[in-house]
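Please read them with the structure open beside you.

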Amino acid sequence: MAIRFEEKYICSEGELRIVSAGAGGLLRRDVHGQNGRYAVRSLYFDSADDKCLEQNEDGTDFRKKYRLRLYDGNPDFLRLEVKFRRGDTSEKTSVPVSRETADALISCRAEPGNRDYPPAVRELAFLCRAEGFRPAALCEYTREAYTGEPGHVRITLDRSLRTLRGAEQFFDVSLKNAVPVFPVGTGLLEVKYTALLPAWISNAVIPANLRRTAFSKYRMSRLSPFFESEQGEKICLTR
(Lines give C-alpha, C1' and ligand atoms only; values in the text may rest on other atoms or scores of the structure.)
Protein backbone atom coordinates (compact mmCIF):
# COMPACT_ATOMS: atom_id res chain seq x y z
CA MET A 1 0.00 0.00 0.00
CA ALA A 2 1.33 3.44 -0.91
CA ILE A 3 0.84 6.29 1.57
CA ARG A 4 -1.12 9.14 0.02
CA PHE A 5 -2.05 12.65 1.09
CA GLU A 6 -5.61 13.75 0.38
CA GLU A 7 -7.15 17.22 0.14
CA LYS A 8 -10.89 17.71 -0.41
CA TYR A 9 -12.85 20.80 -1.46
CA ILE A 10 -16.58 21.40 -1.90
CA CYS A 11 -17.01 23.23 -5.22
CA SER A 12 -19.66 24.90 -7.30
CA GLU A 13 -20.08 23.70 -10.87
CA GLY A 14 -18.30 26.84 -12.05
CA GLU A 15 -15.31 26.06 -9.83
CA LEU A 16 -15.28 22.47 -11.05
CA ARG A 17 -15.07 23.72 -14.63
CA ILE A 18 -12.13 25.96 -13.69
CA VAL A 19 -10.38 22.95 -12.12
CA SER A 20 -11.16 20.82 -15.17
CA ALA A 21 -9.68 23.42 -17.52
CA GLY A 22 -6.53 23.78 -15.41
CA ALA A 23 -6.03 20.05 -14.93
CA GLY A 24 -6.75 19.33 -18.59
CA GLY A 25 -3.98 21.65 -19.67
CA LEU A 26 -1.33 20.12 -17.40
CA LEU A 27 -2.25 16.50 -16.65
CA ARG A 28 -3.38 13.37 -18.45
CA ARG A 29 -6.99 12.33 -18.44
CA ASP A 30 -7.59 9.03 -16.69
CA VAL A 31 -7.34 6.18 -19.19
CA HIS A 32 -10.52 4.61 -17.81
CA GLY A 33 -14.03 5.51 -18.82
CA GLN A 34 -14.98 7.83 -21.66
CA ASN A 35 -12.63 10.79 -21.95
CA GLY A 36 -11.59 10.35 -18.33
CA ARG A 37 -15.16 10.16 -16.98
CA TYR A 38 -16.89 7.16 -15.45
CA ALA A 39 -19.48 6.20 -12.85
CA VAL A 40 -18.24 4.96 -9.46
CA ARG A 41 -20.53 2.89 -7.24
CA SER A 42 -19.53 2.00 -3.68
CA LEU A 43 -21.17 -0.25 -1.12
CA TYR A 44 -19.87 0.56 2.36
CA PHE A 45 -19.79 -1.90 5.26
CA ASP A 46 -20.06 -1.04 8.94
CA SER A 47 -20.42 -2.85 12.25
CA ALA A 48 -23.69 -3.48 14.03
CA ASP A 49 -22.95 -0.51 16.30
CA ASP A 50 -21.79 1.73 13.42
CA LYS A 51 -18.16 1.84 14.53
CA CYS A 52 -16.86 3.20 11.22
CA LEU A 53 -19.46 5.97 11.16
CA GLU A 54 -18.72 6.96 14.76
CA GLN A 55 -14.98 7.02 14.11
CA ASN A 56 -15.61 9.28 11.14
CA GLU A 57 -17.85 11.55 13.20
CA ASP A 58 -15.28 11.73 16.01
CA GLY A 59 -12.38 12.32 13.64
CA THR A 60 -10.55 9.28 15.00
CA ASP A 61 -6.95 9.52 13.83
CA PHE A 62 -6.63 5.82 12.90
CA ARG A 63 -9.59 4.30 11.11
CA LYS A 64 -10.49 1.82 8.37
CA LYS A 65 -13.23 1.78 5.78
CA TYR A 66 -14.46 -1.25 3.82
CA ARG A 67 -16.28 -1.00 0.50
CA LEU A 68 -17.19 -3.01 -2.56
CA ARG A 69 -16.76 -0.97 -5.70
CA LEU A 70 -17.64 -1.25 -9.38
CA TYR A 71 -17.21 1.12 -12.29
CA ASP A 72 -19.73 2.05 -14.98
CA GLY A 73 -21.96 -0.69 -13.63
CA ASN A 74 -19.62 -3.40 -14.91
CA PRO A 75 -19.78 -6.47 -12.61
CA ASP A 76 -16.71 -7.90 -14.36
CA PHE A 77 -14.57 -5.22 -12.68
CA LEU A 78 -15.48 -5.65 -9.02
CA ARG A 79 -13.09 -4.59 -6.26
CA LEU A 80 -13.02 -4.87 -2.48
CA GLU A 81 -11.21 -1.86 -1.08
CA VAL A 82 -9.90 -1.43 2.43
CA LYS A 83 -8.92 2.17 3.10
CA PHE A 84 -6.83 3.03 6.14
CA ARG A 85 -6.69 6.67 7.17
CA ARG A 86 -4.22 8.34 9.52
CA GLY A 87 -4.61 12.11 9.85
CA ASP A 88 -4.13 13.65 6.40
CA THR A 89 -2.67 10.47 4.90
CA SER A 90 -4.33 7.32 3.66
CA GLU A 91 -3.43 3.89 2.34
CA LYS A 92 -5.65 1.65 0.26
CA THR A 93 -5.71 -2.05 -0.53
CA SER A 94 -7.78 -2.94 -3.59
CA VAL A 95 -8.33 -6.57 -4.61
CA PRO A 96 -10.43 -7.99 -7.46
CA VAL A 97 -13.36 -10.15 -6.37
CA SER A 98 -15.81 -12.30 -8.28
CA ARG A 99 -19.56 -11.72 -8.34
CA GLU A 100 -19.90 -14.86 -6.24
CA THR A 101 -17.51 -13.52 -3.59
CA ALA A 102 -19.24 -10.13 -3.59
CA ASP A 103 -22.61 -11.81 -3.09
CA ALA A 104 -21.17 -13.83 -0.19
CA LEU A 105 -19.87 -10.65 1.47
CA ILE A 106 -23.12 -8.77 0.91
CA SER A 107 -25.15 -11.59 2.46
CA CYS A 108 -22.52 -12.07 5.21
CA ARG A 109 -21.99 -15.70 4.16
CA ALA A 110 -18.28 -15.41 3.31
CA GLU A 111 -16.14 -17.81 5.34
CA PRO A 112 -13.18 -16.12 7.11
CA GLY A 113 -11.18 -19.34 6.89
CA ASN A 114 -11.55 -19.74 3.11
CA ARG A 115 -7.96 -19.66 1.85
CA ASP A 116 -9.16 -19.07 -1.70
CA TYR A 117 -10.04 -15.54 -0.59
CA PRO A 118 -7.39 -12.81 -0.54
CA PRO A 119 -6.52 -11.47 2.94
CA ALA A 120 -8.73 -8.38 2.59
CA VAL A 121 -11.80 -10.53 1.89
CA ARG A 122 -11.02 -12.82 4.82
CA GLU A 123 -10.62 -9.76 7.05
CA LEU A 124 -14.05 -8.38 6.14
CA ALA A 125 -15.61 -11.85 6.39
CA PHE A 126 -14.21 -12.14 9.92
CA LEU A 127 -15.63 -8.73 10.87
CA CYS A 128 -19.03 -9.81 9.55
CA ARG A 129 -18.95 -12.74 11.95
CA ALA A 130 -17.24 -11.08 14.93
CA GLU A 131 -18.62 -7.53 14.89
CA GLY A 132 -21.76 -7.76 12.79
CA PHE A 133 -20.38 -5.89 9.80
CA ARG A 134 -22.99 -5.60 7.05
CA PRO A 135 -23.76 -3.37 4.04
CA ALA A 136 -24.61 0.04 5.48
CA ALA A 137 -24.82 2.51 2.58
CA LEU A 138 -24.72 2.51 -1.20
CA CYS A 139 -23.66 5.55 -3.19
CA GLU A 140 -22.83 6.42 -6.78
CA TYR A 141 -21.34 9.46 -8.49
CA THR A 142 -19.78 10.56 -11.76
CA ARG A 143 -16.02 11.03 -11.63
CA GLU A 144 -13.75 13.06 -13.91
CA ALA A 145 -10.10 12.20 -13.25
CA TYR A 146 -6.62 13.44 -14.17
CA THR A 147 -3.18 12.05 -13.31
CA GLY A 148 0.35 13.37 -13.48
CA GLU A 149 3.90 13.49 -12.17
CA PRO A 150 5.85 14.18 -10.04
CA GLY A 151 4.22 13.00 -6.85
CA HIS A 152 1.78 10.56 -8.45
CA VAL A 153 -0.77 13.37 -8.45
CA ARG A 154 -4.40 12.43 -9.02
CA ILE A 155 -7.12 15.07 -9.40
CA THR A 156 -10.73 13.89 -9.27
CA LEU A 157 -13.95 15.87 -9.73
CA ASP A 158 -17.03 14.09 -8.39
CA ARG A 159 -20.54 15.13 -9.37
CA SER A 160 -24.11 13.90 -8.93
CA LEU A 161 -23.51 11.95 -5.72
CA ARG A 162 -26.62 10.00 -4.79
CA THR A 163 -27.29 7.39 -2.18
CA LEU A 164 -29.66 4.82 -0.76
CA ARG A 165 -29.60 2.42 2.16
CA GLY A 166 -28.93 -1.29 1.90
CA ALA A 167 -27.39 -3.44 -0.78
CA GLU A 168 -30.31 -4.75 -2.83
CA GLN A 169 -29.61 -2.52 -5.82
CA PHE A 170 -25.82 -2.71 -5.88
CA PHE A 171 -25.86 -4.52 -9.24
CA ASP A 172 -28.97 -2.74 -10.63
CA VAL A 173 -28.40 -0.29 -13.46
CA SER A 174 -30.90 2.38 -12.44
CA LEU A 175 -30.48 2.77 -8.66
CA LYS A 176 -34.12 3.82 -8.49
CA ASN A 177 -35.15 5.59 -5.29
CA ALA A 178 -31.62 6.94 -4.76
CA VAL A 179 -31.59 10.50 -3.40
CA PRO A 180 -29.03 13.23 -4.12
CA VAL A 181 -26.42 14.15 -1.53
CA PHE A 182 -24.88 17.23 -3.16
CA PRO A 183 -27.03 20.32 -3.68
CA VAL A 184 -27.72 21.01 -7.35
CA GLY A 185 -24.64 22.51 -8.99
CA THR A 186 -22.25 21.30 -6.27
CA GLY A 187 -19.48 18.70 -6.42
CA LEU A 188 -16.31 17.53 -4.73
CA LEU A 189 -12.70 18.12 -5.75
CA GLU A 190 -10.14 15.64 -4.38
CA VAL A 191 -6.40 16.18 -4.74
CA LYS A 192 -4.29 13.11 -3.99
CA TYR A 193 -0.50 12.79 -4.06
CA THR A 194 2.42 11.04 -2.38
CA ALA A 195 5.11 13.14 -0.73
CA LEU A 196 4.88 16.10 -3.07
CA LEU A 197 2.23 18.30 -4.64
CA PRO A 198 4.08 20.52 -7.13
CA ALA A 199 3.21 24.22 -6.73
CA TRP A 200 2.75 24.60 -10.48
CA ILE A 201 -0.04 22.03 -10.29
CA SER A 202 -1.76 23.31 -7.15
CA ASN A 203 -1.63 26.93 -8.35
CA ALA A 204 -3.14 26.02 -11.70
CA VAL A 205 -5.73 23.52 -10.47
CA ILE A 206 -6.99 24.62 -7.03
CA PRO A 207 -8.90 27.95 -7.06
CA ALA A 208 -7.50 30.31 -4.42
CA ASN A 209 -10.88 30.87 -2.74
CA LEU A 210 -11.43 27.20 -1.90
CA ARG A 211 -10.99 25.89 1.63
CA ARG A 212 -10.31 22.30 2.57
CA THR A 213 -13.06 20.17 4.04
CA ALA A 214 -13.26 16.76 5.73
CA PHE A 215 -16.11 15.60 3.50
CA SER A 216 -16.81 11.85 3.66
CA LYS A 217 -19.06 10.25 1.07
CA TYR A 218 -19.87 7.41 3.47
CA ARG A 219 -20.74 9.78 6.31
CA MET A 220 -22.92 11.96 4.11
CA SER A 221 -24.63 8.88 2.70
CA ARG A 222 -25.56 7.78 6.21
CA LEU A 223 -26.60 11.05 7.81
CA SER A 224 -29.65 13.26 7.39
CA PRO A 225 -30.16 15.21 4.15
CA PHE A 226 -28.38 18.24 5.60
CA PHE A 227 -24.80 19.15 6.24
CA GLU A 228 -23.19 22.28 7.66
CA SER A 229 -21.08 24.60 5.58
CA GLU A 230 -17.89 25.95 7.10
CA GLN A 231 -19.90 29.05 8.11
CA GLY A 232 -22.28 26.84 10.12
CA GLU A 233 -25.13 27.24 7.63
CA LYS A 234 -27.42 24.26 7.10
CA ILE A 235 -27.44 23.27 3.42
CA CYS A 236 -30.25 21.08 2.12
CA LEU A 237 -28.96 18.10 0.18
CA THR A 238 -32.20 16.78 -1.28
CA ARG A 239 -33.52 19.72 -3.27
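Predicted model: local features only at pLDDT ≥ 70, side-chain atom pairs only at ≥ 80, totals over all residues.

1. The residues of α1 that are buried are Glu 15, Leu 16, Val 19, Ser 20, Gly 22 and Ala 23.

2. The geometry of α1 (residues 13-26) agrees with expectation, because its 14 residues, at 1.5 Å a residue, should span 20 Å, and the C-alpha atoms at its ends are 20 Å apart.

3. In helix α2 (residues 51-58), the buried residues are Cys 52, Leu 53 and Asn 56. Viewed down the axis of α2, these buried residues fall within an arc of 100°, so they line one face of the helix. Among the elements that cover them are β3 (37-46), β4 (62-71) and α6 (217-222).

4. The second largest pocket holds about 750 Å³ of space and is lined by 30 residues, of which Tyr 38, Tyr 71, Glu 81, Lys 92 and Arg 154 lie nearest its centre. Two or more lining residues come from each of β1, β3, β4, β5 (74-86), β6 (89-96), β7 and β8, and β5 gives the most, with five residues.

5. As to confidence, the mean pLDDT of the protein chain is 87, with 92% of its residues reaching 70 or more. Over residues 226-239, however, pLDDT stays under 50, and for this stretch the model has 31 contacts beyond four places in sequence.

Terms used: Residues numbered from 1 in each chain as written. Heavy atoms only, no water. Buried < 20%, exposed > 50% of the residue type's maximum accessible area, 1.4 Å probe, protein only. Helix = DSSP H or I, 4+ residues; strand = E, 2+ residues; numbered from the N terminus. Arc of directions from axis to C-beta. Contact = heavy atoms within 4.5 Å. pLDDT = per-residue confidence, 0-100. Expected span 1.5 Å × (residues − 1). 1 Å grid on protein atoms, 1.4 Å probe; cavity = no way out; pocket = protein on both sides within 12 Å on 5 of 7 lines; lining within 4 Å. Points joined across faces, edges and corners; volume = space filled by probe spheres on them.
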